[in-house]
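Please read it with the structure open.

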Amino acid sequence: MYSDRITSLPPYLFATIDAAKANMKAKGVDVIDLGVGDPDQPTPPHIVDSMCDAVRNPATHRYPSYTGMLSFREAATNWCKESRGLDLDPATEALTLIGSKEGVAHLPLAFINPGDIALCPDPAYPVYKIGTEFAGGKAHIMPLLEENDFLPDLEAISKDVLAKTKMMFLNYPNNPTSATADTKFFEEVVQFARENNIVVIHDNAYSEMCYDGYKAPSFLSVDGAMEVGMELYSLSKTYNMTGWRLAFAVGNKEAIQGFGKVKSNIDSGAFDAIQMAGITALSSSQQCVADMNKIYEERRDVLLKGLNGIGLDVKAPKATFYVWTPVPDGHDSIGFSKLLLEEAGIVATPGVGFGEHGEGYIRFALTQTAERISEAVGRMEKLTI
Ligand SMILES: *Cc1c(COP(=O)(O)O)cnc(C)c1O
């Protein structure tokens with residue numbers, strides 16, 4: 001019955017974890033879930049109020065525009081100007097997305113012919129690779145290794161591969177490693193993309209989730225980046241809006257236009273009322289973002305202190321709400337997360353779920369209160385590992 005495309009999908013590890021978690025809960029265990037990367041706090045009230053007003057207006061009930069409301073794209077480009085100094089034309093250099101997952105999954109349809117290659121990091125958000133393969137392309141893995149600060153080694157990519165390469169996916173601040181990239185790296189990427197005719201997609205889902213005064217640079221702020229690529233910004237993690245499905249792409253005019261063509265043939269845009277709430281999020285005070293970051297920073301410090309206390313050598317991440325932790329000697333990532341769940345009732349994601357180069361690590365998400373994280377740390381201290 002099924003297409004090769006879905007029959008060849010790897011078994012979905014996260015479904016297995018969900019089943020194991022449900023099994024522990026059924027046994028009455030008080031499970032502390034540090035697995036999912038989904039903010040636990042609600043969407044700020046001013047954004048919710050804005051949606052309530054908008055949804056009562058019948059004008060929002062009809063088909064939205066394919067490219068997104070111009071007023072939302074204006075709010076998005078103004079936000080990019082204010083937060084990172086980018087000069088973007090809302091009419092031609094911005095596109096509303098139904099979440100950046102939708103964007104990532106459909107982007108390859110605009111640039112990939114069967115057999116073409118997209119460069120995909122590993123470990124990574126799985127959709128880069130799957131989106132490429134669904135479009136008939138091949139994913140070429142760029143390993144993200146600790147010895148390279150979890151940045152890809154562009155020089156390691158062979159000429160044969162580059163001859164067929166059309167796209168590259170990047171994501172900094174990074175899920176799952178929480179690594180960051182500096183402007184110098186982005187400059188190298190721009191030059192590399194120019195030399196090899198590659199469209200660069202920088203997934204900036206964690207753009208605002210930064211700590212200790214760190215500010216993540218924008219790929220588009222580098223000279224020449226507007227010629228080679230685009231950047232995806234999401235309201236999901238920034239404003240606790242994962243359920244709302246709202247994001248936007250900004251960048252190279254031609255690339256945005258090509259992607260718009262794909263989208264106008266697949267979806268009918270994001271609900272206008274949601275885009276109106278998005279305008280409120282992007283154009284109001286950003287204090288709610290700073291407040292969330294303070295909360296995550298406190299949780300991070302509690303977890304870090306606990307992990308270091310049990311002898312796991314982890315550095316405090318500057319960004320994202322993930323703590324990428326090497327597993328103790330003698331364990332692999334699945335084995336260690338199984339031990340955490342069965343012996344301590346803690347859910348963490350095995351690194352191998354993000355690709356083969358994630359082996360040897362587990363990912364904790366800071367999506368529980370400091371008290372619950374502290375409880376998790378206490379349970380870990382009692383483990384013999
Ligand atoms: C969470 C996440 C997304 C998904 O964002 P949505 O806008 O909710 O679709 C995209 N990329 C990465 C790396 C993520 O971690």
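Helices here are DSSP runs of H or I with at least four residues, strands are DSSP runs of E with at least two, and both are numbered from the N terminus. By that numbering, α14 gives the largest share of the lining of the largest cavity, 4 residues. The model is predicted.

**Largest cavity**

- A search of the whole structure finds 1 cavity of 30 Å³ or more.
- The space in the largest cavity comes to about 40 Å³.
- Its lining is made up of E208, M209, K237, T238, N240, V289, M292, N293 and Y296.
- At least two of the lining residues come from α11 (235-238), and at least two from α14 (287-309).
- By class, the lining of the largest cavity has 4 nonpolar, 3 polar and 2 charged residues.
- Domain 1 (4-43 + 287-381) and domain 2 (45-283) each supply at least three residues of this lining.

**Second largest pocket**

- The second largest pocket holds about 470 Å³ of space.
- It is lined by 18 residues, and those closest to its centre are F150, T177, S178, A179 and K315.
- Strand β9 (residues 322-326) contributes 4 residues, the largest share of the lining of the second largest pocket.
- The lining of this pocket divides into 10 nonpolar, 3 polar and 5 charged residues.
- At least three residues of the pocket lining come from each of domain 1 (4-43 + 287-381) and domain 2 (45-283).

**Seven-stranded sheet**

- An open sheet of 7 strands runs in the order β2-β8-β7-β6-β5-β3-β4, and its pairing is mixed.
- Its edge strands, each pairing on one side only, are β2 (94-97) and β4 (138-143).
- On average, and with direction ignored, neighbouring strands of this sheet are turned by 25° against each other.
- Within the sheet, β5 (residues 165-170) and β6 (residues 199-203) run parallel and are joined by 4 bridges.
- Opposite M167 stands V199 in β6.

**Three-stranded sheet**

- Another open sheet has 3 strands in the order β9-β12-β11, with antiparallel pairing.
- β9 and β11 (349-350) are the edge strands, and each pairs on one side only.
- As noted for the second largest pocket, β9 also supplies 4 residues of the pocket lining.
- β11 is joined to strand β12 (residues 361-365) by 2 bridges, and the two run antiparallel.
- P350 has I362 in β12 standing opposite.

**Aromatic pairs**

- Two rings of Phe, Tyr or Trp pair if their centres lie within 6.5 Å, and by this rule there are 17 aromatic pairs.
- One of these pairs, W79 with F248, is edge-to-face, at 6.1 Å centre to centre and 90° between the planes.
- This pair connects distant parts of the chain, with W79 in helix α4 (residues 70-84) and F248 in strand β8 (residues 247-251), 169 residues apart.
- Strand β8, which carries F248, stands between β2 and β7 in the order of the seven-stranded sheet.

**Backbone details**

- Which peptide bond has omega near 5°? The bond from D122 to P123 does, and it is cis.
- P123 sits in the loop between β3 (117-122) and α7 (127-134).
- N175 and P176 are also joined by a cis peptide bond, with omega about 10°.
- The loop between β5 and α9 (183-196) holds P176.
- Is phi of N197 positive or negative? Phi of N197 is positive, near 55°, in a residue other than glycine.
- N197 is found in the loop between α9 and β6.

How values were computed
Residues are numbered from 1 along each chain as its sequence is written. This is a predicted model: local features need pLDDT of at least 70, side-chain atom pairs count only at pLDDT 80 or more; totals for chains, interfaces and linings use all residues. Side-chain values use heavy atoms; hydrogens and water are left out. On a 1 Å grid over the protein atoms alone, a cavity is a set of points where a 1.4 Å probe fits but cannot get out, and a pocket is an open set with protein on both sides within 12 Å along at least five of seven lines; lining residues have an atom within 4 Å of a point. Grid points are joined across faces, edges and corners, and a volume is the space filled by probe spheres set on the points. Ala, Val, Leu, Ile, Met, Phe, Trp, Tyr, Cys and Pro count as nonpolar, Asp, Glu, Lys and Arg as charged, and the others, Gly among them, as polar. Domain bounds come from an automatic or database domain assignment. Two strands pair if DSSP finds at least two bridges between them. Axes are lines fitted to C-alpha atoms, for helices over the stretch in contact, and angles run from 0 to 180 degrees between N-to-C directions. Rings of Phe, Tyr and Trp (its six-membered ring) pair if their centres lie within 6.5 Å; planes under 30 degrees apart count as stacked, over 60 as edge-to-face and the rest as tilted.
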